[in-house]
Amino acid sequence: MKRKFAAKCVFLAAALFLLSMGSCGKNPPSDEEITEFPTKAPQLTQTSTLFPIEVTNITYYTLSEDLETVEVTSVLTGSVTMTPRELAEYVAGTMEDVSVTVSLRDVTVEEENLIVDFERDSVPVCYAGSRLESAILDALSQSLLDNFSEYSGIIFRAGGAAYQSENRNFDLNYVYMGR
């Protein structure tokens, strides 16, 4: 055991000696090669980017994991001008994060109102409890009204006809949410 310890010490000493000898013969850097730290921070001038990016914040409503309506703000880059249909499709797409698939048929304008038309055989018209249906309709309504001030109300339809679901029945031009 003492022999193993002595062998390890000799090996360690030899390794240290060889490492220290590896730097022999090299000249230390001259004063001209040493760079000193700047004494004051450089002044930044106008920065230019090769690709200017336009950033737009958009607020919309979607479903939480508890299937409640929640407000979300997202940052969109690039030149963003969204139509009501694109926003409705975007909001419906975010609901897929909580395994709710909403199928929109169309989004149109009638007078001062937006009409959101769902597929007749999909959520929220079918296969949704009253609470989930309300959360979906509220999220879409609030998202559209908050982002498009030129419209005063949201009308829901199913399959191009009056909205009739397992839980609710609206007249053809019933304004679900308005200003």
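Here are some numbered notes on the rings, strands and core of this predicted model.

1. A word on the ground rules. This is a predicted model, so local features need pLDDT of at least 70 and side-chain atom pairs count only at pLDDT 80 or more, while totals for chains, interfaces and linings use all residues. Residues are numbered from 1 along each chain as its sequence is written, and side-chain values use heavy atoms, with hydrogens and water left out.

2. Let's start with the rings. A pair of aromatic rings is described by the distance of the centres and the angle of the planes. Here, rings of Phe, Tyr and Trp (its six-membered ring) pair if their centres lie within 6.5 Å; planes under 30 degrees apart count as stacked, over 60 as edge-to-face and the rest as tilted. The structure holds nine such pairs. One of them is Tyr 60 with Tyr 90, an edge-to-face pair at 5.2 Å centre to centre and 85 degrees between the planes. This pair links distant parts of the chain, since Tyr 60 is in strand β1 (residues 55-63) and Tyr 90 is in helix α2 (residues 84-94), 30 residues apart. Helices (H or I, at least four residues) and strands (E, at least two) are DSSP runs, numbered from the N terminus.

3. How covered up are these two? Buried means under 20% relative accessible area, exposed over 50%, and partly exposed in between (1.4 Å probe, protein chains only). Tyr 60 is buried at 6%, and Tyr 90 is partly exposed at 29%.

4. Now look at Ser 74, in strand β2 (residues 69-77). Ser 74 counts as buried because its relative accessibility is 14%. Its side chain makes a polar contact with the side chain of Tyr 60, at 3.4 Å. (A polar contact is a pair of N or O atoms within 3.5 Å; within protein, one must be able to donate a hydrogen and the other to accept it, and residues adjacent in sequence count only if both atoms are side-chain atoms.) Contact in general means heavy atoms within 4.5 Å. Not counting residues up to four places away in sequence, Ser 74 touches Thr 56, Asn 57, Ile 58, Tyr 60 and Tyr 90.

5. β1 and β2 run antiparallel, joined by nine bridges; two strands pair if DSSP finds at least two bridges between them. Val 55 stands opposite Thr 77 in β2.

6. Phe 170 lies in the loop between β6 (161-162) and β7, and Phe 170 is buried at 12%. Leaving aside neighbours within four places in sequence, Phe 170 is in contact with Leu 137, Ala 162, Tyr 163 and Tyr 176.

7. Finally, the core. A nonpolar core is a set of buried Ala, Val, Leu, Ile, Met, Phe, Trp, Tyr and Cys residues joined through side-chain atoms within 4.5 Å. The largest one has 38 residues, and those with the most contacts inside it are Val 100, Val 102, Phe 118, Ile 136 and Phe 156. Which element gives the largest share of this core? That is α3, with eight residues. Buried residues of α3 include Leu 132, Ile 136 and Leu 140, and what covers the buried residues of α3 includes β1, β2, α2, β4, β5 and β7 (175-178).
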